[in-house]
Amino acid sequence: MIEKHIIIEDIDPVVFYGVGNGHLQIIRSLYPKLRIVARDNVIRVLGDEEQMAALEESVEKIRHHILKFNSLNEEDILDIIKGGRSKEIPEGVVVYSMSGRPIKPRSENQQRLIDAYAQNDMVFAVGPAGTGKTYLSIALAVKALKEKTAKKIILSRPAVEAGEKLGFLPGDMKDKIDPYLQPLYDALEDMLPQVKLQDMMEKHIIQIAPLAFMRGRTLSDAVVILDEAQNTTPAQIRMFLTRMGWNTKMIITGDTSQIDLPRPQKSGLIEALHILNNVEGIGIVQLNKKDIVRHKLVTRIVHAYEDYDNNNKKEDNESINKD
């Protein structure tokens, strides 16, 4: 009789053990010659050496299953332990959310974004609010991290001030910039266990930083996402794009209808799209209101504002012609 400790890594132990340790009870019943006690992320096993080796193999398979699907049920456990097989992620699914919901493209243009990411090292995803640009981009980055095709994720946003100066906001620099980066935190929290996400951020495997902190860096072995790029200046986006290092993919997202830069400052995103339009290795995906996946009212709001902007342009042109 021997004793061994098995450490559960990279996953949420609660998902592994199940509600009220229900999953653990099933595992215990399938290995009657072992005494299995779990605490936090450590499983203490005492008993038959042969069954212990089989248990270790099963635990590793279950861990990989949870990494893929962010969920586990009784049928999955029985398939893995008794059947010796595990499910594969269905074609078209990028990753699974923490609730076990498949994250996949929900429109033709979202699929074009995924295809462009596979075919290019740099991708621009441009479109109105609610088209899934940021969320899908982060899903692609999380997938790369899970599959070990990238060693880290770097997420950035320009900190465009809207009425308040950063220097007058309370707290240290992290406290000042966190409100600008909250949408990125929200997406990550939907795809990674909270404890694991915190650990990855502490180890700088996932880095979230304002655009100003990018100067002088070379970003290698990473998926790098620049969100809200319409609020960069031409100098800022040029600086960002030239940070690209070896084995790195960049995704730049933005909405050219929501530029918050003070007038007459030009948007770096609009200039970059014009300059880089025909550069090999760069993909440009245009999303539109048909791709909006938020509440149905968002589509109507975007459409109403488009009509308003078009009417204003028409009136301005008529006024110029009269003059």
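In the predicted model, Lys148 is located in the loop that links α6 to β7. Its phi is positive, at about 65°, although Lys148 is not a glycine. With a relative accessibility of 72%, Lys148 is classed as exposed, because the threshold for that class is over 50%. A positive phi is also found at Asn70, a residue other than glycine, where the angle is near 55°. Asn70 belongs to the loop between α3 and α4. Here the relative accessible area is 6%, so Asn70 is buried, the limit being under 20%. Most residues other than glycine have a negative phi, and most peptide bonds are trans. A cis peptide bond joins Arg263 to Pro264, with omega near 5°. Pro264 is placed in the loop between β10 (249-254) and α10 (268-275).

The protein as a whole contains 11 helices and 11 strands. Of its 323 residues, 45% are buried. Among contacts with a separation of 6 or more, 68% are between residues 24 or more positions apart.

The largest nonpolar core comprises 36 residues, and those with the most contacts inside it are Ile138, Val142, Leu155, Leu188, Met191, Ile206 and Ile208. Two or more residues of this core are supplied by each of the helices α5 (108-119), α6 (133-146), α7 (173-189) and α8 (194-202), and by each of the strands β6 (122-126), β7 (152-157), β8 (206-210) and β9 (222-226). The greatest contribution is that of α6, with 8 residues. When neighbours within four places in sequence are set aside, Ile208 is in contact with Leu155, Leu181, Leu184, Tyr185, Leu188 and Met201.

On the α3 side, the contact is formed by Ser58, Lys61, Ile62 and His65, and on the α4 side by Asp76, Ile80 and Ile81. By type, the residues of this contact comprise 3 nonpolar, 2 polar and 2 charged.

Conventions
Residues are numbered from 1 along each chain as its sequence is written. This is a predicted model: local features need pLDDT of at least 70, side-chain atom pairs count only at pLDDT 80 or more; totals for chains, interfaces and linings use all residues. Side-chain values use heavy atoms; hydrogens and water are left out. A nonpolar core is a set of buried Ala, Val, Leu, Ile, Met, Phe, Trp, Tyr and Cys residues joined through side-chain atoms within 4.5 Å. Buried means under 20% relative accessible area, exposed over 50%, partly exposed in between (1.4 Å probe, protein chains only). Helices (H or I, at least four residues) and strands (E, at least two) are DSSP runs, numbered from the N terminus. Contact means heavy atoms within 4.5 Å. Ala, Val, Leu, Ile, Met, Phe, Trp, Tyr, Cys and Pro count as nonpolar, Asp, Glu, Lys and Arg as charged, and the others, Gly among them, as polar.
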